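Welcome, and please open your viewer.

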Amino acid sequence: MNKRERVLNAMDKKPVDHVPVGFWYHFDGEETSGEPCVQAHLRYVRDVDTDLLKVMCDGYFSYPIPEEIETADDWKKLKPLGADHPFIREQVERARRIVQEIGQEMPVFYNVFAPFSSIRFGTDESRVMRDLRENRLAVMHALDVIAQDNALLSELLITEAGCDGIYYCVQGGEFGRFTEEEYRETIRPSDLYVLEHANRFSQYNIMHCCGWAGARNQMGLWKDYPVKCVNWAVYVEDLPLEEGRYFFGDKACLGGFQSLHREGQNHAGILHNGTQQEIMDFTRQIILSFGKRGLLLGADCTVNSGIEHERIRWVVEAARSL
């Protein structure tokens with residue numbers, strides 16, 4: 001079974017010869033854009049020999065917010081960027097180049113943020129929350145506009161660049177930010193707009209429930225989102241893979257390893273700190289506990305960019321031993 005068959009079978013919860021593996025991290029410096037970014041992804045994935053590649057959207061976290069949007073009411077002025085805007089066109093080209101080089105070997109997924117994340121990255125969190133309190137409908141209009149662009153980006157990533165699907169990052173569900181009712185009324189519509197549009201072009205879309213900075217989320221907000229596979233912060237949410245499988249409706253699950261930042265560039269968890277034997281034993285135990293059906297091994301989130309690649313290869317080796 002080749003890597004493409006292995007990953008797509010796992011996402012379909014069909015038999016696999018070995019449990020597929022996928023880890024990723026952020027690039028920086030000149031490797032955040034253009035051909036250097038393409039080559040950085042290719043060098044990484046060929047070195048670690050994982051079964052899939054998730055392309056980072058480094059350099060494109062900040063959605064382009066026009067300078068004239070200064071007040072809460074001004075969000076009503078926001079208009080879609082469109083397919084020819086560099087924010088969309090350059091990301092599609094990045095993905096196209098990567099798929100061109102490695103897409104026949106393995107599935108490629110591209111990171112797309114939920115509109116609520118995009119608007120925060122494009123401005124700042126305190127402003128968005130303040131504006132929501134002042135004029136919720138104006139900010140919801142902006143979320144709808146950004147959703148159109150993120151949906152279009154998803155479509156082009158799949159139809160033009162050739163990605164197998166998107167890796168859709170949802171955020172904003174932390175306890176204390178919104179009530180469940182507020183999230184469902186204000187944030188969920190833009191989330192679903194992007195996901196449902198992406199599903200028109202690929203059935204292999206992954207949802208990442210981000211436990212950013214170790215903050216726990218109201219996971220029930222996302223349990224019915226229409227995706228093929230779910231990746232969540234197992235160690236932040238205290239939701240083991242085996243329980244999460246059923247919590248999310250028996251969807252395929254991606255994860256198992258702790259990866260979140262603790263201080264600076266330090267990461268907790270056995271992947272970053274364990275011995276070879278500990279990492280390989282841990283990998284095998286995940287597989288034996290969960291079973292091979294519907295499992296993809298990965299991390300809670302991005303791993304440390306300075307991680308020794310051999311640590312990831314140990315996971316790959318252990319997974320292929322069962």
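Where is the place of Lys292? Select Lys292 and you will find the residue in the loop between α12 (276-290) and β7 (295-299). Helices here are DSSP runs of H or I with at least four residues, strands are runs of E with at least two, and both are numbered from the N terminus.

Before going further, note that this is a predicted model: local features need pLDDT of at least 70, side-chain atom pairs count only at pLDDT 80 or more, and totals for chains, interfaces and linings use all residues. Residues are numbered from 1 along each chain as its sequence is written, and side-chain values use heavy atoms, with hydrogens and water left out.

**Stop 1: around Lys292**

Keep Lys292 selected and show its surroundings. Lys292 is partly exposed, with a relative accessible area of 29%. (Buried means under 20% relative accessible area, exposed over 50%, and partly exposed in between, using a 1.4 Å probe and protein chains only.) Leaving out residues up to four places away in sequence, Lys292 touches Val16, Asp17, His18, Val19, Ile287 and Leu322, where contact means heavy atoms within 4.5 Å.

Now look at the side chain of Lys292. One of its polar atoms lies 2.9 Å from the backbone oxygen of Asp17, and the side chain also reaches the backbone oxygen of Leu322 at 2.9 Å.

**Stop 2: the whole chain**

Zoom out and switch to a cartoon view. The protein chain has 13 helices and seven strands. Its radius of gyration is 19 Å, close to the 20 Å that the globule rule gives for 322 residues, so the chain is as compact as a globular protein of that length. (The radius is taken over C-alpha atoms, and the rule is 2.2 Å times the number of residues to the power 0.38.) Along the principal axes, the C-alpha atoms fill a box of roughly 60 × 40 × 40 Å.

How much of the chain is buried? Buried residues make up 59% of the 322 residues. Among contacts between residues at least 6 apart in sequence, 76% join residues at least 24 apart.

**Stop 3: aromatic rings**

Colour Phe, Tyr and Trp. A search of the whole structure finds 15 aromatic pairs. Rings of Phe, Tyr and Trp (its six-membered ring) pair if their centres lie within 6.5 Å; planes under 30 degrees apart count as stacked, over 60 as edge-to-face and the rest as tilted.

Select Phe116 and Phe178, an edge-to-face pair with 5.6 Å centre to centre and 70 degrees between the planes. Phe116 lies in helix α4 (residues 115-122) and Phe178 in the loop between β3 (165-170) and α7 (180-186), so the pair ties together parts that are 62 residues apart in sequence. Both Phe116 and Phe178 are buried.

Next, select Trp232 and Phe248. This pair is tilted, at 5.3 Å centre to centre and 40 degrees between the planes. Trp232 belongs to strand β5 (residues 229-232) and Phe248 to the loop between α10 (241-247) and β6 (252-257), so the pair ties together parts that are 16 residues apart in sequence. Trp232 is buried at 0% relative accessibility, and Phe248 is buried at 2%.

**Stop 4**

Return to helix α4 and pick Arg120. Arg120 is buried, with a relative accessible area of 11%. Beyond neighbours within four places in sequence, Arg120 is in contact with Glu125, Val128, Gln171, Gly172 and Arg177.

Then select helix α8 (residues 188-198), where eight of the 11 residues are buried. Among them are Leu192, Val194 and Leu195. The cover over the buried residues of α8 includes α4, α6 (136-159), β3 and α7.

**Stop 5: His272**

Finish at His272, in helix α11 (residues 270-273). Is His272 buried or exposed? His272 is buried, with a relative accessible area of 12%. A polar atom of its side chain lies 3.1 Å from the backbone nitrogen of Asn304.

Conventions: A polar contact is a pair of N or O atoms within 3.5 Å; within protein, one must be able to donate a hydrogen and the other to accept it, and residues adjacent in sequence count only if both atoms are side-chain atoms.
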